Amino acid sequence: MTLATARARSGKGSRGRRPARAMDHGAWFLVLPALLPILVLSLGPLLYGIALAFTDSQSGRTEATEWIGLLNFQDLRHDTLFWDSFRIGLLWAVGVTVPQFLLALGLALLLSQNLRFRWLARSLAIVPWAMPEVVVGIMWRLVYHPDAGILNETLRDLGFGDGRDWLTGLGTALPAVIVVGVWAGMPQTTVALLAGLQNVPRELHEAAAMDGAGAWRRFTTVTWPALRPIALAITALNFIWNFNSFALVYVLTNGGPGGRTRLPMLFAYEEAFRYGQFGYAAAMGCVMVAVISVLLAVYLVGRLRGADER
């Protein structure tokens, strides 16, 4: 075999490299139309918001905006209301993400079985996902209505008292909103996990069953290892989405009562568009992005290390 023939077969010759380079340029050319809107509509506002956090930008002022450095962040460090909202945001994000995943996992396992009318059940399972958050909020406000809500009516019929105003009670507002968040976000997690379950070879389950493994053993040794990467990705994304929630909580409680459901995004919204403190609100956004990025990095690194050790 000659050297030219070996290069031609291995793709290492000059003729083998040129198509790859041409393909790379062609791929970038095809991706560019989708990449430009992301750069313009996502990266551009992000950089502008970061720059705005170092200014004293306010609404209605006639003086020119000035660069004030870290002054907004220094004020934010002593803002107890913001850090209270941040704590509530973490409680909300964890309180929604964890049961959302567990319930979605159970539903996905159920819908993956060969059940009668499975196609109908799968269609109904994604209905909450198809509804806008504003519509979901209005619907659940009617459910939680203190006088005519279906929840209180059911409790009265069952003899559990006269019911209560769930969305204005200091101890019930946040749990009531968390229930809505779990219900509204569970379908997308279910779809992701159900798609992962379809890729688990049935032969592995049959082999494990023949070896005497029960349902739980088959789940831990066959199903869960295949679902682990999807579970890692979807829980991380759900945590980000839930922490950045705005419309659902805004419609349900508008941050009340007494700030018990005021998430950081609501707090920043009020500072920017109610009080006109654009620079200060932008600083809040920067802090939220930084803290959540660190928490997610720690979470992902821990999960990936645990997966490697297994």
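Mentor: Start from the inside. This is a predicted model, and in it V180 touches V136, W140, Y144, L248 and L252, leaving aside residues up to four places away in sequence.

Trainee: Which residues of helix α7 are buried?

Mentor: Helix α7 spans residues 133-143. A residue counts as buried when its relative accessible area is under 20%.

Trainee: In the largest nonpolar core, which residues touch the most other members?

Mentor: That core has 40 residues.

Trainee: How many residues are in the second, separate core?

Mentor: Members of this second core include F101, M186, L227 and I234. It is separate, and its count is 14 residues.

Trainee: Is N72 buried or exposed?

Mentor: N72 lies in helix α3 (residues 71-77). Not counting residues up to four places away in sequence, N72 touches A53, T55, G279, Y280 and A283. Its relative accessibility is 8%, so N72 counts as buried.

Trainee: Now the surface. What accessible area does the nonpolar patch have?

Mentor: The patch is formed by L32, L36, L39, V40, L41, L43, L46, L47 and I50. One of these, L47, lies in helix α2 (residues 14-52). Together the patch residues have an accessible area of about 800 Å².

Trainee: How many salt bridges are there?

Mentor: Side chains of opposite charge can pair when their charged atoms come close. Here the rule asks for a side-chain nitrogen of Lys or Arg within 4 Å of a carboxyl oxygen of Asp or Glu. E153 and R156 meet in a salt bridge at 3.3 Å, N to O, and R262 forms one with E270 at 3.5 Å. The count is 2.

Trainee: Where do E153 and R156 lie?

Mentor: E153, at 33% relative accessibility, is partly exposed, and so is R156, at 28%. They are 3 residues apart, about one turn of the helix. An α-helix has 3.6 residues a turn, so residues three or four places apart point the same way. Both residues lie in helix α8 (residues 150-157).

Trainee: In the other pair, is E270 buried or exposed?

Mentor: Its partner R262 is partly exposed, at 23% relative accessibility. E270 has 9% relative accessibility, so E270 counts as buried.

Trainee: How far apart in space are A130 and P187?

Mentor: A130 lies in helix α6 (residues 127-130) and is exposed, at 67% relative accessibility. A130 and P187 are 57 residues apart in sequence. From C-alpha to C-alpha, they are 9.1 Å apart.

Trainee: And what separates the C-alpha atoms of L124 and P187?

Mentor: L124 lies in helix α5 (residues 118-125) and is exposed, with 54% relative accessible area. Along the chain, L124 and P187 are 63 residues apart. Their C-alpha atoms are separated by 9.5 Å.

Trainee: Which peptide bond is cis?

Mentor: Most residues other than glycine have a negative phi, and most peptide bonds are trans. In the loop between α12 and α13, N254 has a positive phi of about 55° although it is not a glycine. P257 is found in the loop between α12 and α13 as well. The cis bond, with omega near -5°, runs from G256 to P257.

Note on methods: Residues are numbered from 1 along each chain as its sequence is written. This is a predicted model: local features need pLDDT of at least 70, side-chain atom pairs count only at pLDDT 80 or more; totals for chains, interfaces and linings use all residues. Side-chain values use heavy atoms; hydrogens and water are left out. Patches are made of residues with over 30% relative accessible area and no salt bridge: like charges are joined within 9 Å, nonpolar side chains (Val, Leu, Ile, Met, Phe, Trp, Tyr) within 5 Å. Accessible areas come from the Shrake-Rupley method with a 1.4 Å probe; for residues, only the protein chains shown count as cover. Helices (H or I, at least four residues) and strands (E, at least two) are DSSP runs, numbered from the N terminus. Buried means under 20% relative accessible area, exposed over 50%, partly exposed in between (1.4 Å probe, protein chains only). A nonpolar core is a set of buried Ala, Val, Leu, Ile, Met, Phe, Trp, Tyr and Cys residues joined through side-chain atoms within 4.5 Å. Contact means heavy atoms within 4.5 Å.
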